[in-house]
Structures are given as structure tokens and as C-alpha cells.
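We will look at charges, rings and a few turns of the backbone.

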Amino acid sequence: MNAHAEPPVARSAHEERLDRLATVAVRVGLNLQPGQELVLTAPLDALPLARAITAEAYRAGASLVTTLLGDDAATLARFAHASDAAFDTAAGWLYAGMAEAYRNGAARLAISGDDPSLLLAQDPEKVARANRSRSKAYVPALELIANFATNWTIVSAATPAWARTVFPDLPEAEAVAKLWDAVFAASRVDGPDPVAAWAAHNAHLHARKDRLNGHRFSAIRFRGPGTDLTVGLADDHEWCGGAATSRSGITCNANIPTEEVFTTPHRARVEGHVASTKPLSYQGTLIEGIQVRFAEGRIVESAATRGADVLARVLDTDEGARRLGEVALVPASSAISASGLLFYNTLYDENAASHIALGQAYSKCFVGGGADFSEDDLAARGANRSLIHIDWMIGSAEVDVDGIAADGQSVPVMRRGEWV
């Protein structure tokens, strides 16, 4: 024994919880396999979590972890100094490389935690052009993710900018600490065995989706303040939720946290009007008070009390941007909803309320998993296609949900936001 050896450095409670979150991300979120590569993206302020995940990934047998960091200051520098033409440019070479990695079996992990208000003061036309250019360039990678070609997941880090938005009246350090508490709780890492806690939660979500699949509803109807919306479901649709198996054969949890069961709507069978129940934070812009009307599956009227110009530009991204690619059910008493917080982060806020998503459909939400379906097969069943996939919340404790059977019979699914 070396008498002069340094004693082990005591780890803080925060560092220990960060390590548990990394374990959940790698072992539950990704279920990373020995020898598998990992592509990791993160905001610069999430570097401590990115490093913890990297270490855990190598402990799980990763052959290589490649990390790409985003920097808010660099993003703002583009808007301050770049030429006008620059906003029609995107790093297609980067996304093509990511797509190639996924085709070769690499896993995908994204750490979210961006500043929800980063681009509020910027020219909305330039924001829209930059987003459109990125969306087009991202298609090769997005299609593989949306089609569940490989195992992937998203987790979050409590960054200072995000914390200031959620807790604007608190000193920054206190705001960050409170947001981390919320992230850890929602991600189920505070208990003695987070992996076991996730196994139990997955079993609960699987029971819910199995019940919905047993009904074979043709549509789902939402009714509440400002809302009477009937969402027709795609032919041969299947409800999903919790852990699922990718086309590469690896079972993973795509979202950490998750409280939803979801499926694919029919792109031409959505009728009625709907009002958002929470703000939508979209790539640095906050869109509040969304109200839209659907006819034959397409949004024909739209309004918002804040960010209406950004919403209009989103809807004009392509023809599929005005149609739905997902419908999801979440109880109003979910752990995230019970926190009472507005997170200004879609990953969290969508898991506080039932929601719909504009744009690209998930091909896996079909009987048989959709693994062998071509684009024509998916279109024939009603799946939507778009450059975007944007979730926004329409559920609350004031919203009822019914399943509509093929014969028109209405079956209660949720009352006042809770499962029947």
C-alpha cells in the first residue's frame, strides 16, 4: 500500500445525480451496445453532462463517441455579422455524415438545454430561412431517426439560459439548481435504482398502448376550451409508448423523460379547431396562444397571440407542414405536469400534456413496425411527409378525449385529462 497515495476525492450530490442521469441516458435511453459508435450533440453549457455520458458510453463498450457542441454566442454572431445570403446555407455535409453514421449502426444521443429565447430579437425572416435551410439539409439524418433505423434518445441539461427562462425571478445559481432538481426528478434518477424505476414506468406505458391498440379506433376526438378536434388515424396504425425496438434490433427509450403514448394520424382525416394549452418554444422563439382550424387534414386558418409570424413561416415550410405527423396522449397528472413548471422545452412540456405534431410522421407506428414499408406504402396508409416535426400541447385537466370506433361509436379514453 502506498502511504503517500492521495485520498479519493469526495463527490458532490450533484455529481452523483449527474452520473445517474448519464447511466439512464446510456443504459435505458440508448441501451448502447458493445462496439457501437455514438454521435452526441450538446449545447456548450451542457459539457459536464456530455462528459459524464461519454465516460458511461465507453464503460458500456462504445467503440467511439463523437461529440458536436453548439454555442449560442456563435449562433448570435451569425445573425449579427453574416451576409444575407448566408441564411440560405446549411452544413449539408455534416448531416450527410451523421446519416452515414446511423446507416452504419451508430447510436444517436442529443442533449437539449438551449436558450428558449435566443432568437427572439432576431429578424424572423432570417430565422425562418436558416431553419428551412437546416431542415432541408437534415432530411437524410432525420428520416433515419424518424424511421427508427437506429437506437437514439434525447436527455436534457439545466443550462443557465434555460434556467433563467423557467425561473426568471431567481438568482442564476439558484435557478440552475432548481431546474436540475426538476430534470433529475422527471428523468427518474433520484431513487435508489433508476434503471428499475424505468423498467416499471415502461411497463405502465406498454399497458396503456396495448389497451388503445385493442380498441382499433379510427379516430381520436379532443374537446375542451377552444378545442373540438377529430384526428383520424392512419390505416393500420399502431400506438407506441415507452421502450421500443429500433430496426437495428436494439430496444431503447427515445425520450428521457417520456409520459406519452402516441401514433400516426391520417394526413387527410383531421377536422375541427384546436387551441394550444402551453406555449411552444421553437428554435429560440416562443409561440403562445396557438389556434388553428383543420379541414380535410390541412390547417386552413391559424393564429397566435405571440410569435404568429414565426408560426406562419413554419406552416409554409412545405405542404406537409400544415398536416399532422403524430398524436399523443399524456395524463394531466403526469410527473412533469405535477411539477407545475412551464419548461419552455418541448421534450418536457409535451410530456405534461396530450399533444399533436406538425409535419413528418413516424413510420414505426404501424402494425408490424413499418420496417418494410416504402414511402409509397406509408403514403397509402395516410402517413404525412415533411421537413419538420414540431410537437405542441393541446391537453389539460379541462380536455376530454374519446376514441371513435369504425362504426362511429364513441368510447371515453380520458376525462378531465386523466385516463378512464
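## Charged partners

Glu 143 has a relative accessible area of 24%, so Glu 143 is partly exposed. Please keep in mind that the model you are viewing is a predicted one.

Which residue does Glu 143 form a salt bridge with? The partner is Arg 385, and the closest N and O atoms are 2.6 Å apart. Glu 143 belongs to helix 5 (residues 124–146), whereas Arg 385 sits in the loop between helix 12 and strand 17 (389–393), so this pair ties together parts that are 242 residues apart in sequence. Arg 385 is partly exposed too, because its relative accessible area is 44%.

The idea behind such pairs is simple: side chains of opposite charge can pair when their charged atoms come close. In this model the count comes to 25 salt bridges. Here are some of them, with the distance from N to O:

| Salt bridge | Closest N and O atoms |
|---|---|
| Glu 143 and Arg 385 | 2.6 Å |
| Arg 313 and Asp 309 | 3.9 Å |

Let us take the second row. Arg 221 is partly exposed, with a relative accessible area of 27%, and Asp 228 counts as partly exposed at 26% relative accessibility.

Now for the third row. Why are Arg 313 and Asp 309 separated by about one helical turn? The reason is that they are four residues apart in helix 9. Arg 313 counts as partly exposed at 24% relative accessibility, and Asp 309 counts as partly exposed at 38%. Salt bridges can also share partners, and in this way Arg 17, Asp 181 and Asp 190 are joined into one network.

## A buried glycine

Next, find Gly 320, in the loop between helix 9 (308–315) and strand 15 (324–329). Is Gly 320 buried or exposed? Its relative accessibility is 2%, so Gly 320 counts as buried, given that the cut-off for buried is under 20%. Leaving aside neighbours within four places in sequence, Gly 320 is in contact with Gly 359, Asn 384, Arg 385 and Ser 386. Gly 320 and His 389 are 69 residues apart in sequence, and their C-alpha atoms are 9.8 Å apart in space.

## Rings that meet

Now turn to the aromatic side chains. A pair of aromatic rings is described by the distance of the centres and the angle of the planes. The model has eight aromatic pairs by count. One of them is formed by Phe 79 and Phe 87, a tilted pair with 5.0 Å from centre to centre and 45 degrees between the planes. Both Phe 79 and Phe 87 are buried.

Another aromatic pair, Phe 262 and Tyr 362, is edge-to-face, with 6.0 Å between the centres and 65 degrees between the planes. This pair links distant parts of the chain: Phe 262 is in strand 9 (residues 261–263), and Tyr 362 is in the loop between strand 16 (355–359) and helix 12 (375–381), 100 residues apart. Both Phe 262 and Tyr 362 are buried.

Rings can also gather in a group, and Trp 162, Phe 343 and Tyr 348 form one aromatic cluster.

Charges and rings meet as well. The charged end of Arg 134 sits over the ring of Tyr 138, at 5.0 Å from the ring centre. Likewise, the charged end of Lys 364 sits over the ring of Phe 148, at 4.0 Å from the ring centre.

## Turns of the backbone

Although Phe 148 is not a glycine, it has a positive phi of about 60 degrees. You will find Phe 148 in the loop between helix 5 and strand 4 (152–156). Phe 148 is buried, because its relative accessible area is 3%.

Arg 216 is not a glycine either, and its phi is positive at about 55 degrees. Arg 216 lies in the loop between helix 8 (194–215) and strand 5 (219–224). With a relative accessible area of 36%, Arg 216 is partly exposed.

Finally, which residues does a cis peptide bond join? They are Ile 256 and Pro 257, with omega at about 10 degrees. Pro 257 is placed in the loop between strand 8 (251–252) and strand 9.

Definitions and conventions: Residues are numbered from 1 along each chain as its sequence is written. This is a predicted model: local features need pLDDT of at least 70, side-chain atom pairs count only at pLDDT 80 or more; totals for chains, interfaces and linings use all residues. Side-chain values use heavy atoms; hydrogens and water are left out. Helices (H or I, at least four residues) and strands (E, at least two) are DSSP runs, numbered from the N terminus. Buried means under 20% relative accessible area, exposed over 50%, partly exposed in between (1.4 Å probe, protein chains only). Contact means heavy atoms within 4.5 Å. Rings of Phe, Tyr and Trp (its six-membered ring) pair if their centres lie within 6.5 Å; planes under 30 degrees apart count as stacked, over 60 as edge-to-face and the rest as tilted. A charge sits over a ring if NZ of Lys or CZ of Arg is within 6 Å of the ring centre and within 35 degrees of the ring normal. A salt bridge is a side-chain nitrogen of Lys or Arg within 4 Å of a carboxyl oxygen of Asp or Glu.
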